[in-house]
Amino acid sequence: MVMTDQKQRLEEARKPGFGFGLLKGMAVLLKHLFKRTTTIQYPDEKQDLSPRTRGVIALKEENCTVCMLCARECPDWCIYIDSHKETLPPKREGGRQRKRNVLDRFAIDYALCMYCGICVEVCPYDALFWSREFEYAEYDIRELTHEKERLSDWMESVLPPPPLEIGADVPDEPTPAAAQTTTAAAGARPATQTSSATAARPAQAAAAPKAPTAAPTPARPKESEPGVAAERGAVAKAESPPEASAAQPAPVDQAPATTPVEEREGAPPKEVTEEAAKEAGIGDVQAATTQVPNVEVPHEAPRPVALEPVEDPEAVYQQVLDDQRRKGSSPQVAEARAKVARVKAERGIRRGPTPVEVDKPVPSAPTKAEQAGAPVEPTPSGAPKAEEPAPEQGPVAARPEEAAAAPQEAGAAHPETTEVSPSSGEGAEDPEAIYERVLAEERAKGSSEPVATARAKAARMRAMKGTKGPGS
Amino acid sequence: MPDINLTDWQILLVKLAIILTVVPIGALAGGYVLHKEMAHMQHRLGPMYAGGFHGWAQTLADGIKFIYKEDIIPAAADKRVFTLAPAIVFAPVLMLYLVIPIDRSLIIEDLDVGLFYLIAIGSVGVIGVLMAGWSSANKYALIGGLRAAAQLIAYELPIVLASAAIAMLAGTLSVVGIVEAQDWPFLVWPPGIGLALFVVFLAGAMAEMSLPPFDMPVAESELITGPFTEYSGMRFIFGFFFAEMAHMIAFAAIGATLFLGGYKPIVPWEPLENIPGVVWFFVKTAFMVFLLLWIRFTFPRLREDQLQKFAWKFLIPVSLALILVTGGWVLYA
């Protein structure tokens with residue numbers, strides 16, 4: 001169609017006869033000869049540039065933390081940053097000395113700059129801005145390297161940021177609430193402030209593992225609450241447990257959120273919860289009760305039951321704190337250790353009902369899990385899952401221990417589960433189970449994630465082929 | 001008119017002086033018109049600063065700049081031929097002006113074979129171009145020179161044939177005689193024939209001057225500046241830019257003379273006779289310059305083979321047919 005249309009049009013254009021196209025072309029030029037010129041005689045008259053024209057890059061010196069992101073991202077390497085470290089006295093007596101970067105030099109060589117604006121984009125602290133000034137030509141190329149004083153001068157012409165669009169997310173500015181949360185982290189926590197921010201926690205604690213699959217919505221928005229978001233740090237993390245245990249509203253809230261996952265996965269959330277409970281210090285008592293093939297029980301949502309006897313992380317916190325104080329540790333150290341303990345306790349809870357298959361790249365995982373008698377996999381997988389949220393959750397140092405703890409429990413859980421579902425056998429027969437086990441082991445050993453995955457895959461492959469690996 | 005008695009030598013000197021002032025001024029003015037017309041056709045302003053008023057002195061400033069530039073002769077060049085070439089390009093262009101009648105009596109030399117002389121002299125320039133291309137020891141220059149030669153051979157014929165038809169209509173080869181023969185300009189009378197001859201002549205002239213639709217010899221995207229790639233400074237400006245401008249104005253004047261009635265009014269009407277012939281001549285020449293530039297800015301450059309095809313397969317047969325038709329007209333009308 002298009003082609004024929006074009007052809008038709010061409011033919012029509014040719015109709016008047018040979019050579020008339022040439023005349024037409026000349027007519028066009030003649031017409032344009034008498035139109036107004038669009039030239040702007042620059043130095044004499046100036047164009048009305050749009051207000052946010054990208055002319056020159058301005059530096060807001062106070063905002064710069066010398067993170068070097070701009071200098072590293074600059075394709076032309078035209079940003080020069082020098083700094084030195086400054087040691088600040090500790091905030092409290094006996095505290096650690098703080099270090100701070102002080103900007104000595106910040107220069108942009110505009111003779112090199114290609115005005116890509118990547119530095120402005122990449123600056124995480126709003127220290128670089130586009131200014132609409134553009135007339136800074138020089139007779140000497142060296143003058144084109146603007147030092148921070150000159151770059152700061154450009155700030156005068158930087159417009160305030162445009163208003164947010166309607167419906168846009170409110171940016172994560174540190175709010176008073178957040179500030180209080182921070183202080184609360186030190187020890188005494190005003191429940192009123194933290195509650196809003198951390199109320200999400202208990203729910204999240206139980207539901208977090210599921211978030212990626214079934215119930216991302218309930219957990220997510222709360223997470224992004226200003227207070228929490230701002231306080232993503234390890235310290236803030238530790239606060240959730242008190243409410244988690246105290247509020248304990250989970251039974252009601254979580255049931256709906258979790259059930260679909262269970263149904264779909266056919267995985268035993270209960271077991272994992274229970275395992276978590278164990279880790280947190282509860283006996284096997286619960287384990288016995290909860291050990292039921294999960295496929296049957298999805299709607300009961302008894303997780304909270306499992307959680308109930310869990311030692312309150314806050315209590316743990318307090319206990320460790322007291323212990324430490326008694327031992328004569330400095331307040332900071334005591335607090336830190338107490339926090340670690342609390343985080344562990346809390347993590348134990350949160351490790352809850354995670355069927356790892358959810359995230360597994362192996363597509364066949366869920367079905368296999370069902371065939372193999374679900375319990376086998378989830379147990380070891382509980383550990384890896386717990387690591388997913390870990391990075392944002394807190395002190396990395398806590399991780400290996402925890403990871404180490406997990407597989408042991410996994411091991412402990414194993415015999416029982418195997419009994420329940422004999423089809424899974426030793427788990428050795430099922431490549432999927434082997435995969436999970438090796439993965440968990442590797443993680444426990446502290447292997448890096450890629451290595452762990454690779455070894456697990458290798459083990460699975462061996463199991464599939466029926467060959468013996470080096471380790472076995 | 002006061003009676004001034006001058007010897008032949010004195011007369012010759014005056015004539016030379018006139019040519020040597022008129023031609024450069026004309027070329028500079030032509031360059032200015034080129035800049036301005038092109039700019040405005042593209043919604044630009046063109047030169048605006050040199051000289052103060054709309055950049056009138058731009059081409060003059062350019063010329064002075066080129067005079068001060070270094071004159072470089074490549075080591076591998078054939079030095080004598082290389083240095084001589086621009087002169088051979090430029091001299092015939094100057095000589096074209098000898099037989100152009102600005103007014104009935106204002107002509108430097110009213111040759112009886114004026115038209116023949118114009119065509120003959122007009123083709124000499126290409127020898128200079130070929131010399132420049134050959135002596136530069138540069139492949140682009142050589143290709144450009146050869147293209148120029150091939151182009152001249154191809155387009156000389158339509159010009160000659162169209163001019164022959166004009167001579168048939170006028171019954172003379174004298175340029176003044178041709179002008180006198182045009183009661184109505186040849187462009188409109190004989191109807192159709194004159195117009196067709198004009199188009200053929202225009203195409204041939206533009207090709208001979210290597211003006212843009214036919215500027216393959218200097219096609220800058222392929223050949224840098226063709227035969228003048230290795231030239232710089234004065235030689236470049238005289239051999240290339242200046243000669244091109246002077247050549248264009250000369251051909252505009254020739255076209256005005258042959259087809260637009262030269263110094264005679266555009267239509268044979270009594271009141272118009274009062275306007276001096278010089279004015280008519282300059283108006284017509286200016287129109288021709290405008291037309292040549294207009295065509296030049298409109299059309300994209302042809303390919304070398306298209307150029308040759310256009311000449312041999314279209315223009316030459318058409319001009320031969322036109323001679324036939326003109327002969328018929330002269331005999332029976």
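1. Pro92(B) is in contact with Ile121(B), Gly122(B), Val124(B) and Gly125(B), leaving aside its neighbours within four places in sequence. Two residues are in contact if their C-beta atoms, placed from the backbone, lie within 7 Å. This is a predicted model, in which local features need pLDDT of at least 70, side-chain atom pairs count only at pLDDT 80 or more, and totals for chains, interfaces and linings use all residues. Residues are numbered from 1 along each chain as its sequence is written, while chains are lettered from A and ligands numbered from 1 in the order in which they are written.

2. Pro92(B) sits in helix α3 of chain B. Helices (H or I, at least four residues) and strands (E, at least two) are DSSP runs, numbered from the N terminus. Pro92(B) counts as buried because it has 21 C-beta neighbours inside 10 Å. A residue is buried if 20 or more other C-beta atoms lie within 10 Å of its own, exposed if 12 or fewer, and partly exposed in between, with C-beta atoms placed from the backbone. The C-alpha atoms of Pro92(B) and Gly128(B) are separated by 9.7 Å, and the two residues are 36 apart along the chain.

3. How do α3 (residues 79-96) and α4 (residues 114-122) of chain B pack? Their angle is about 165°, with the axes 9 Å apart. Axes are lines fitted to C-alpha atoms, for helices over the stretch in contact, and angles run from 0 to 180 degrees between N-to-C directions. α3(B) and α4(B) are therefore roughly antiparallel to each other. Angles under 35 degrees count as roughly parallel, over 145 as roughly antiparallel, 65 to 115 as roughly perpendicular and the rest as oblique.

4. α3(B) passes α4(B) in a left-handed crossing. A crossing is left-handed if the near helix is turned anticlockwise from the far one by less than a right angle, and right-handed if clockwise. On α3(B), the contact uses Pro92(B), Met95(B) and Leu96(B); on α4(B), it uses Leu118(B), Ile121(B) and Gly122(B). By class, the contact of α3(B) with α4(B) has 5 nonpolar residues, 1 polar and no charged. Ala, Val, Leu, Ile, Met, Phe, Trp, Tyr, Cys and Pro count as nonpolar, Asp, Glu, Lys and Arg as charged, and the others, Gly among them, as polar.

5. α3(B) also packs with helix α5 (residues 125-135) of chain B, at an angle of about 160° and with axes 7 Å apart. α3(B) and α5(B) are therefore roughly antiparallel to each other. Their crossing is left-handed. Residues in this contact include Phe82(B), Ile88(B) and Pro92(B) of α3(B), and Gly125(B), Gly128(B) and Met131(B) of α5(B). The contact of α3(B) with α5(B) divides into 13 nonpolar, 3 polar and no charged residues.

6. α5(B) is mostly covered, with 10 of its 11 residues buried. Among them are Gly125(B), Leu130(B) and Trp134(B). The buried residues of α5(B) pack against α3, α6 (139-170) and α10 of chain B. Just after α5(B), Ala137(B) takes a positive phi of about 55°.

7. Which elements of chain B give two or more residues to the side that touches chain A? In total, 11 residues of chain B are in contact with 10 residues of chain A. The elements are α1 (8-41) and α11 (277-298) of chain B. α11(B) supplies the largest share, 4 residues. This side of chain B has 7 nonpolar, 3 polar and 1 charged residues.

8. α11(B) has 22 residues and reaches 31 Å from its first C-alpha to its last, close to the 32 Å expected at 1.5 Å a residue. The expected span is 1.5 Å times one less than the number of residues. Buried residues of α11(B) include Trp280(B), Lys284(B) and Leu292(B). Their cover includes α1, α8 (193-209) and α10 (233-259) of chain B.

9. Chain A has 24 helices and 5 strands. Of its 472 residues, 37% count as buried. Val66(A) has a positive phi of about 55°, and Met68(A) has one of about 70°; neither is a glycine. Val66(A) lies in the loop between β1 (56-59) and α3 (69-73) of chain A, and Met68(A) lies in the loop between β1 and α3 of chain A. Val66(A) is partly exposed, with 19 other C-beta atoms within 10 Å. Met68(A) counts as partly exposed with 13 C-beta neighbours inside 10 Å.
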